[in-house]
Amino acid sequence: FLLSFSGYFDFIFMNYATSFLMYPLSYNNTMAALMVLCLFTTVGFYINTNLSIVFDILVKFLIGFEVFTIFLTASRGGYLVFLISLIVFIFLTRNRIKFVFSKLLVSIVTAIILIIFLTPQNTMQLILGKIAGAINFVTSGEEASLSGRVYMMKVAFLMFLSSPLLGIGLGNFRYTYLLYNHQDTLTRIDPHSWFFKVLSETGIIGTVLYFGTIVYFFWTSFKKALSFEDDYIYYGLFAGVLGMFIHMCIDVDTYACMFIILFFVFALLITYKDKKVISISTDKVKMYSLKIVTILVIIVTITMMLPLSVSAIMTLSAERAFYKGDLRSSGLYLIKASRWNPNDDYSNLLLGYILLVTADDNVQQVDAAITCFERAIQINPLEVRAYAYIGLSYLYEKNPLAISYLETAHEKYPWDSSLLYWLSFASVYLNKDLSKAESYYQIAQQSMLGDTNHNKYLAEG
């Protein structure tokens with residue numbers, strides 16, 4: 001209830017930038033998934049608890065209010081897992097459905113009234129637009145957000161096919177994305193799906209071990225729920241955790257580390273009534289077979305998967321140092337990353353960028369930066385940023401090749417107007433071609449109206 005009220009308070013009084021509820025998680029979809037878990041857990045506790053008339057009426061209202069706050073998140077994924085959790089809860093309580101409905105009737109009516117009369121007009125328009133977009137996607141396959149998510153999952157699947165046994169290494173999706181991406185933005189942290197992230201980064205072995213364990217716990221918990229009689233707390237907890245898990249498989253809830261921790265905490269709670277969660281056979285043949293498989297998995301993981309994962313950790317450490325302004329430490333981390341994984345184009349790209357921005361008048365350092373960028377292109381010919389940075393490096397050296405590399409970068413990534421502004425500047429600076437510079441400048445203005453970055457002012461100057 002505190003979560004609902006704090007989110008609603010922020011939505012009404014503090015949140016001027018968006019039309020949906022997202023506080024305190026700063027992401028509306030993840031907030032919706034957490035609220036679904038809270039809602040069904042609350043419902044289970046309420047049905048199982050005898051309250052005085054005053055508190056009973058109050059809790060009925062608060063449950064309706066929780067449904068209302070889920071609606072205000074404008075999260076289609078949240079709505080979907082709400083329906084899934086609701087269906088599961090209804091199925092588990094099917095023998096006492098009339099009793100459950102009578103307990104929750106006031107809450108249902110409260111939620112409907114709040115949604116109709118208290119939802120802001122702009123939020124309602126946003127929600128209706130999203131629902132219409134989802135329907136359009138199902139019927140025609142056209143909707144920018146959902147199409148983008150499907151595309152990212154396809155890219156993740158291509159990564160998986162490139163290394164189906166062990167994947168590309170933990171944390172490497174963001175650094176490998178451009179190698180398989182031909183139409184999306186340059187970088188993505190994950191494929192908008194916990195399942196596809198694990199699939200692409202850990203392959204069949206990691207996915208089966210990881211999700212197989214989770215599915216096993218859900219299946220045993222589901223059978224346990226069927227054996228319980230009128231344990232509404234358990235029914236609500238199971239339905240909420242299942243909805244939370246499904247949402248994590250279709251959205252980016254893994255951005256918030258605490259969300260993953262919460263999931264596993266609640267997932268353990270739904271197994272709490274079993275003394276033995278997993279029973280291991282004492283048969284010697286099975287035990288030795290299990291030991292052999294375990295040893296093989298450890299050996300393969302250490303020799304093949306560990307280097308890729310360590311490289312990703314080093315690259316992430318380099319990014320953190322870079323954004324803190326510690327370029328020296330960032331460069332050292334990147335050198336270590338490239339040693340662990342010589343085929344990582346991103347570590348070469350970032351190392352080259354650090355060398356370039358700290359070069360001052362050191363021509364040799366600029367040449368070293370160009371070497372890093374060329375190595376990145378050799379690893380990944382689609383690394384458009386490497387072409388752009390080589391162009392800027394040559395521009396620094398007043399080398400006419402700068403225009404060629406900037407043009408190549410623009411061909412590979414035509415919707416980035418900053419490249420056009422650089423081409424406009426380079427045309428005058430290197431070739432004194434004012435007409436060509438004006439042409440690039442006009443195209444840039446058309447592709448990104450109202451752009452106020454420094455590249456625009458540089459070209460104008």
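Visitor: Is Trp 194 buried or exposed?
Guide: In this predicted model, the relative accessibility of Trp 194 is 4%. Buried means under 20% relative accessible area, exposed over 50% and partly exposed in between, with a 1.4 Å probe and protein chains only. So Trp 194 counts as buried.

Visitor: What ground rules go with the numbers?
Guide: Residues count from 1 along each chain as its sequence is written, and side-chain values use heavy atoms, leaving out hydrogens and water. As the model is predicted, local features need pLDDT of at least 70, while totals for chains, interfaces and linings use all residues, and side-chain atom pairs count only at pLDDT 80 or more.

Visitor: How many aromatic pairs are there?
Guide: Rings of Phe, Tyr and Trp (its six-membered ring) pair if their centres lie within 6.5 Å; planes under 30 degrees apart are stacked, over 60 edge-to-face, and the rest tilted. By that rule, the aromatic pairs come to 40.

Visitor: Which residue forms an edge-to-face pair with Trp 194, 5.7 Å centre to centre?
Guide: The planes of that pair are 85° apart. Trp 194 sits in helix α9, and its partner is 69 residues away in helix α11 (residues 257-269); helices are DSSP runs (H or I, at least four residues), numbered from the N terminus.

Visitor: How does α9 run relative to α10?
Guide: The axes of α9 (residues 194-227) and α10 (residues 232-250) come within 12 Å and cross at roughly 165°. Axes are lines fitted to C-alpha atoms over the stretch in contact, with angles from 0 to 180 degrees between N-to-C directions. Under 35 degrees is roughly parallel, over 145 roughly antiparallel, 65 to 115 roughly perpendicular and the rest oblique. That makes the two helices roughly antiparallel.

Visitor: How many nonpolar residues does the contact of α9 with α10 have?
Guide: Contact means heavy atoms within 4.5 Å, and the residues making it include Trp 194 and Phe 195 of α9 and Phe 238 and Phe 245 of α10. Ala, Val, Leu, Ile, Met, Phe, Trp, Tyr, Cys and Pro count as nonpolar, Asp, Glu, Lys and Arg as charged, and the others, Gly among them, as polar. Besides one polar and one charged residue, the nonpolar count is 15.
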